[in-house]
Amino acid sequence: MADVSSDGAFVEFERVQKSYDGENLVVKDLNLALPKGEFLTMLGPSGSGKTTCLMMLAGFETATHGDIRLDGVSINNIPPHKRGIGMVFQNYALFPHMTVAENLSFPLEVRKMGKSEREEKVKRALDMVQMGAFGGRRPAQMSGGQQQRIALARALVFEAELVLMDEPLGALDKQLREHMQFEIKRIADNLGITVVYVTHDQTEALTMSDRVAVFDDGRIQQLAPPDKLYEEPENSFVAQFIGENNTLEGTVKEIANGKALVELDDGELIDCKPINVSKPGERTRVSIRPERVEYNKERLQEGVHTLKAEVMEFIYMGDIFRTRLKVAGNDEFVIKTRNAPDVERLTPGQQIEIGWLPEDCRALDA
Ligand SMILES: Nc1ncnc2c1ncn2[C@@H]1O[C@H](COP(=O)(O)OP(=O)(O)OP(=O)(O)O)[C@@H](O)[C@H]1O
Ligand SMILES: [Mg+2]
């Protein structure tokens, strides 16, 4: 049989499907390959199949179809504890009656590891998460963030090369969550481990990951590094799900030379970059990021097509101005403008002209 594994892939899903009831597929034809050392995040709405994918990789669920490989070896028939994978879950589930050190030592004890080796590994894991002084505490005597760090240490104590994390920061408040995001990323980078991380928080996905797989309805909608995902969404779902986005509805009039001419529903014609539209007559949703829109006359470059807009709301936010406009019938059109001496402050009711570069305006599926 031909070797179908992509070169150098450490973790690989190939045509993986999953059904729990033998009828509905909750994971549909998943193909994914991670090189060693990658931090990959599965991002998507509730029920999109993220946890299911992680559970299949960990070995707690079996794929209905397809193959999952670790370091080139199919793991479909290898039980969870023999896969050498560390895991962190949302409810970190430390044993309450054990100290931190005992919590970490326990899984090693189960694996019949000697006492001195266990102590050494526990110490190393606690140092990694800067909790070396907490070995004698019980879970109830620590903050949420500290408990989360211990849960992370417990996943690292095996020195597994692959660590899976399912919404590990979900229970923490915003500030602590943001702090832990950097902490986890730093530890993963320092150790050179491969991480598959699950979240439905797009900011978390963008700040931590080398690449993000955006899930919807059991499928990967787009797999790309954060900047590419934000700047070059390949379909309307991704454009809407990642960051703030403006949409205008219209119909494709013409496609030629890498440009699409779109007639907006109010009759305006604009040039766009055709992303997943292919022929005249097709309905499209045009997508433009708020920070790509200009209204300052001096800044509207030559050749930029302009549209009329009415100011609905102008919010001074210090570093930026956030303005809500009515554009081509859409009164939820938001633009963000960097505060600078030459930028005009707007007032509700004001009529202005806005513009953007054709390449910043993407014609996506309707
Ligand atoms: N053990 C199970 N038995 C039957 N159906 C399940 C089971 N686990 C998950 N499902 C279903 O599979 C689909 C995908 O669930 P999954 O838990 O993978 O989603 P998720 O993306 O992790 O969502 P969330 O963000 O809410 O955690 C859902 O429709 C869910 O109801
Ligand atoms: Mg889940």
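Tutor: The C-alpha centres of domain 1 and domain 2 lie 39 Å apart. Their bounds, from an automatic or database domain assignment, are 6–236 for domain 1 and 244–365 for domain 2. This is a predicted model, in which local features need pLDDT of at least 70, side-chain atom pairs count only at pLDDT 80 or more, and totals for chains, interfaces and linings use all residues. Residues are numbered from 1 along each chain as its sequence is written, and side-chain values use heavy atoms, with hydrogens and water left out.

Student: How much area do domain 1 and domain 2 bury between them?

Tutor: Buried area is the accessible area (1.4 Å probe) that two parts lose on being put together, summed over both. Here the value is about 770 Å², with 39% of it on carbon and sulfur atoms. On the side of domain 1, Tyr-230, Pro-233 and Ser-236 lose the most area to domain 2, together 65% of what that side buries.

Student: How many salt bridges are counted between domain 1 and domain 2?

Tutor: A salt bridge requires a side-chain nitrogen of Lys or Arg within 4 Å of a carboxyl oxygen of Asp or Glu. The count between domain 1 and domain 2 is zero.

Student: In which sense do strands E13 and E19 pair?

Tutor: Strands of a sheet pair through backbone hydrogen bonds, either parallel or antiparallel. Strands are DSSP runs (E, at least two residues) numbered from the N terminus, and pairing requires at least two DSSP bridges. E13 (residues 269–274) and E19 (residues 361–365) pair in the parallel sense over two bridges; Lys-273 has Arg-362 in E19 as its bridge partner.

Technical notes:
Chains are lettered from A and ligands numbered from 1 in the order in which they are written. Helices (H or I, at least four residues) and strands (E, at least two) are DSSP runs, numbered from the N terminus.
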